[in-house]
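The following report describes selected local features of a two-chain model. Please read it alongside the sequence and coordinates.

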Amino acid sequence: MQPQQMPLREARGLLRKLGEFAADPFATHSVALPLAGRPNRARIRQADWRAVVLIARAEDTVAEDTVIVERVDHRREVYR
Amino acid sequence: MDTVTLPRAEYEALISRLEEAEDSAAIDRLEARIDEEGFAAATADYLAVELVARLSAGEHPIRVWRAHRGLTREALAAAAGVSPSYLSEIETRRKPGSLDAMMKLAAALRVPLDDIAAWLKAGRQSEKNMKGAAEGSE
């Protein structure tokens with residue numbers, strides 16, 4: 001499913017969590033799961049959705065990290 | 001045809017590992033692009049969180065992408081070959097915009113038309129949901 005199909009309530013929830021994460025990306029966040037054991041990668045969950053992020057630094061800025069959301073995806077579903 | 005049956009917990013563990021592998025690969029590709037093209041070029045089509053919030057609040061995607069590209073309404077209208085007054089009517093949802101105009105605007109903004117269309121659809125649905133919620137509370 002595409003991010004545009006995300007229910008509004010969950011989109012807002014995910015944006016809020018991403019904001020909290022981006023305020024201090026290398027701190028420990030209860031909403032973030034590690035990814036592949038790399039400190040600059042994480043996944044942030046909102047219900048059945050997840051945002052996959054990279055913490056990167058633009059070469060022309062001195063100390064500003066940017067949290068790049070590379071993909072937002074919904075968990076695969078199976079008929080029960 | 002072979003059929004495999006497995007416990008749900010094992011199925012879910014497999015799905016989790018698959019998702020993690022896909023997510024890692026996506027980040028690998030992004031890092032490679034940043035190395036190759038530089039940070040600014042590799043992230044030129046990524047919207048700042050404020051602009052994503054504007055999209056999810058229902059603002060017209062043409063207007064949000066125009067802000068991202070740093071174009072005035074007149075500059076985008078000229079680049080796309082549509083009149084500024086028509087662009088204004090599209091951005092404020094007074095007119096839906098012809099397919100031809102939307103194709104030209106998306107091309108001038110370097111955004112896939114599908115992406116614009118998906119946000120327009122999402123905007124209409126959220127409007128409907130909010131209307132439904134307002135009616136429901138009466």
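A surface patch is built from residues with over 30% relative accessible area and no salt bridge, where like charges are joined within 9 Å and nonpolar side chains (Val, Leu, Ile, Met, Phe, Trp, Tyr) within 5 Å; a salt bridge, in turn, is a side-chain nitrogen of Lys or Arg within 4 Å of a carboxyl oxygen of Asp or Glu. Accessible areas come from the Shrake-Rupley method with a 1.4 Å probe, and for residues only the protein chains shown count as cover. The model is predicted, so local features need pLDDT of at least 70 and side-chain atom pairs count only at pLDDT 80 or more, whereas totals for chains, interfaces and linings use all residues. Residues are numbered from 1 along each chain as its sequence is written, chains are lettered from A and ligands numbered from 1 in the order in which they are written, and side-chain values use heavy atoms, with hydrogens and water left out.

On chain B, Val4(B), Leu6(B) and Leu14(B) make a nonpolar surface patch of about 290 Å². Val4(B) belongs to the segment before helix 1 (8–37) of chain B, helices being DSSP runs of H or I with at least four residues and strands runs of E with at least two, numbered from the N terminus.

Relative accessible area under 20% is called buried, over 50% exposed, and in between partly exposed (1.4 Å probe, protein chains only). The table applies these classes to individual residues.

| Residue | Relative accessible area | Class |
|---|---|---|
| Val4(B) | 69% | exposed |
| Glu19(B) | 1% | buried |
| Ala36(A) | 42% | partly exposed |
| Arg110(B) | 57% | exposed |

Glu19(B), in helix 1 of chain B, is in contact (heavy atoms within 4.5 Å) with Arg43(A), Arg45(A), Arg50(A), His74(A), Arg75(A) and Arg76(A), when its neighbours within four places in sequence are left aside.

Most residues other than glycine have a negative phi.

In helix 5 (residues 73–80) of chain B, Leu76(B), Ala77(B) and Ala80(B) are buried. They lie on the same side of the helix because they cover an arc of only 100° around its axis, the arc being that of the directions from the helix axis to the C-beta atoms. Glu74(B), Ala78(B) and Ala79(B), on the other side, are exposed. The buried residues of helix 5 of chain B pack against helix 4 (61–69), helix 6 (84–91) and helix 7 of that chain.
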